There are 2 protein chains.
Amino acid sequence: MAGFVSHFTNRLDAKGRVSIPAPFRSVLVRDGFEGLYCIASPHCAAVDAGGNDLLAEINKRSEAFAKLSPDHDALAIALFGASENLRIDGDGRMTISDTIRDHTGITDQVTFVGMNYKFQIWEPEKFREFRAEAQRRALAMLSEQRSASSQGEPV
Amino acid sequence: MAGFVSHFTNRLDAKGRVSIPAPFRSVLVRDGFEGLYCIASPHCAAVDAGGNDLLAEINKRSEAFAKLSPDHDALAIALFGASENLRIDGDGRMTISDTIRDHTGITDQVTFVGMNYKFQIWEPEKFREFRAEAQRRALAMLSEQRSASSQGEPV
DNA sequence: TGGGTTATTATGGGATACCATGGGATTTGA
DNA sequence: TCAAATCCCATGGTATCCCATAATAACCCA
């Protein structure tokens, strides 16, 4: 199934609302999740967002440990305590909560980045930096692969 | 289905009451439990709270030991002796008992932390400290999971 | 192909409902 | 009988609903 692809930047209004890109909305409708499941990424200044697919992924992670154990508690606090179940209004908008603001540095604009089974929410400038860095790393990895394969097996 | 998610901090009033976050209340309604089941966490300065889902987990724990055995009795006392069945008033508030005060150090504010099948009740400052530690542990646990699984998915 | 028409989308703002909180009044229980 | 718990109502702030509008994209028919 086609998931979240491409990226969009929309403006926040005076009430802290922002339109979720229409293509993303139709994916969410197909997914069937009521609202929008959001979780602060532990790796970067972005928020992961999605529906049942994302939630299933998170549940899978936490189910690896027995409930009521210290390990499970720690993981549950890091995962579910950092999550939010946002609502989408009749016009396809979400409200950026203070939690998301703090974690992303969003002020007046939001960049939505499709990542197939989920999408990410970024402060536009931070996303540009992150993408530049990611591309730099990807290039380095590729050239490393190429030099390794030149003296050995094909990739 | 999404359970208790996100975290909220509310004020205690002069009578020792505090509003249970509305999203948590609607989860409790779905769960069908009358009131709020509370039990002091053995791992940390927090109180576990929830409905039938939490109660089921605790029962599962104690049933792992044969009934009438000394182990079972000890566990039953530890689990059920330390628990309370609080009631929720018409406005969705609970009263913080002295037992909970002693165990958590709560004075004038309460942080509610969603953990899917249950939520925890914390003194706000203690929660911040614990969460920082929990995030470190969770990151380590998650990266271990990912390297263990044959093909890691992108996060 | 092209020009006009209709849908869709992002954004703005007013009105309303909900929620956290405070406090008085009433009941319960020791 | 007194204190504590419970019920009930009031209120300010916030989030949600609903409708309007401009810009863009899709469509249709000649």
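## Surface near DNA strand C

The residues near DNA strand C in this predicted model comprise seven nonpolar, four polar and 14 charged. Here a residue is near a strand if one of its heavy atoms lies within 4 Å of it. Ala, Val, Leu, Ile, Met, Phe, Trp, Tyr, Cys and Pro are classed as nonpolar, Asp, Glu, Lys and Arg as charged, and the others, Gly among them, as polar. DNA strand C is surrounded by 25 residues, and the closest are A:Lys15, A:Arg25, A:Arg93, B:Lys15 and B:Arg25. Of the atoms of DNA strand C within 4 Å of the protein, 43% belong to sugar and phosphate.

Several polar contacts (pairs of N or O atoms within 3.5 Å; within protein, one must be able to donate a hydrogen and the other to accept it, and residues adjacent in sequence count only if both atoms are side-chain atoms) can be listed. A:Arg25 places a polar side-chain atom 2.8 Å from a phosphate oxygen of DNA strand C. Base oxygens of DNA strand C are reached from chain B: a polar side-chain atom of B:Arg17 lies 2.9 Å from one base oxygen, and a polar side-chain atom of B:Arg93 lies 2.9 Å from a base oxygen. The elements giving two or more residues to this surface are strand 1 (7-11), strand 2 (17-19) and helix 1 (22-31) of chain A, together with strand 1, strand 2 (17-19) and helix 1 of chain B. Helices (H or I, at least four residues) and strands (E, at least two) are DSSP runs, numbered from the N terminus.

## Surface near DNA strand D

DNA strand D is surrounded by residues of both chains: A:Lys15, A:Arg17, A:Arg87, A:Asp91, A:Arg93 and A:Thr95, with B:Lys15, B:Arg17, B:Arg87, B:Asp91 and B:Arg93. By class, there are no nonpolar, one polar and 10 charged residues. Sugar or phosphate supplies 19% of the atoms of DNA strand D within 4 Å of the protein, and bases supply the rest.

A polar side-chain atom of A:Asp91 lies 2.7 Å from a base nitrogen of DNA strand D. The side chain of A:Lys15 has an N or O atom 3.3 Å from a base oxygen of DNA strand D.

## Sheet of chain A

Chain A has an open sheet of six strands in the order 1-7-8-4-3-5, with antiparallel pairing. Two strands pair if DSSP finds at least two bridges between them. Strand 1 and strand 5 (83-86) of chain A are the edge strands, each pairing on one side only. Neighbouring strands are turned by 25° against each other on average, direction ignored.

Strand 4 (residues 47-50) and strand 8 of chain A run antiparallel and are joined by three bridges. A:Asp48 stands opposite A:Gln120 in strand 8 of chain A. Helix 2 (residues 52-62) of chain A lies across strand 3 (36-40) and strand 4 of chain A, at about 45° to strand 3 of chain A. Axes are lines fitted to C-alpha atoms, for helices over the stretch in contact, and angles run from 0 to 180 degrees between N-to-C directions. Contact means heavy atoms within 4.5 Å.

## Sheet of chain B

In chain B, an open sheet of six strands has the order 1-7-8-4-3-5, paired antiparallel. Strand 1 (7-11) and strand 5 (83-86) of chain B each have a single partner strand, so one side of each has no neighbour in the sheet. From one strand to the next, the twist averages 25°.

Four bridges pair strand 3 (residues 36-40) of chain B with strand 5 of chain B in the antiparallel sense. B:Cys38 has B:Glu84 in strand 5 of chain B as its bridge partner. Helix 1 (residues 22-31) of chain B packs on the sheet, and the strands touched include strand 4 (47-50) and strand 7 (109-114) of chain B.

## Confidence and conventions

Chain A has a mean pLDDT (the predictor's confidence in each residue, from 0 to 100) of 91.

Residues are numbered from 1 along each chain as its sequence is written, with chains lettered from A and ligands numbered from 1 in the order in which they are written. In this predicted model, local features need pLDDT of at least 70, side-chain atom pairs count only at pLDDT 80 or more, totals for chains, interfaces and linings use all residues, and side-chain values use heavy atoms, with hydrogens and water left out.
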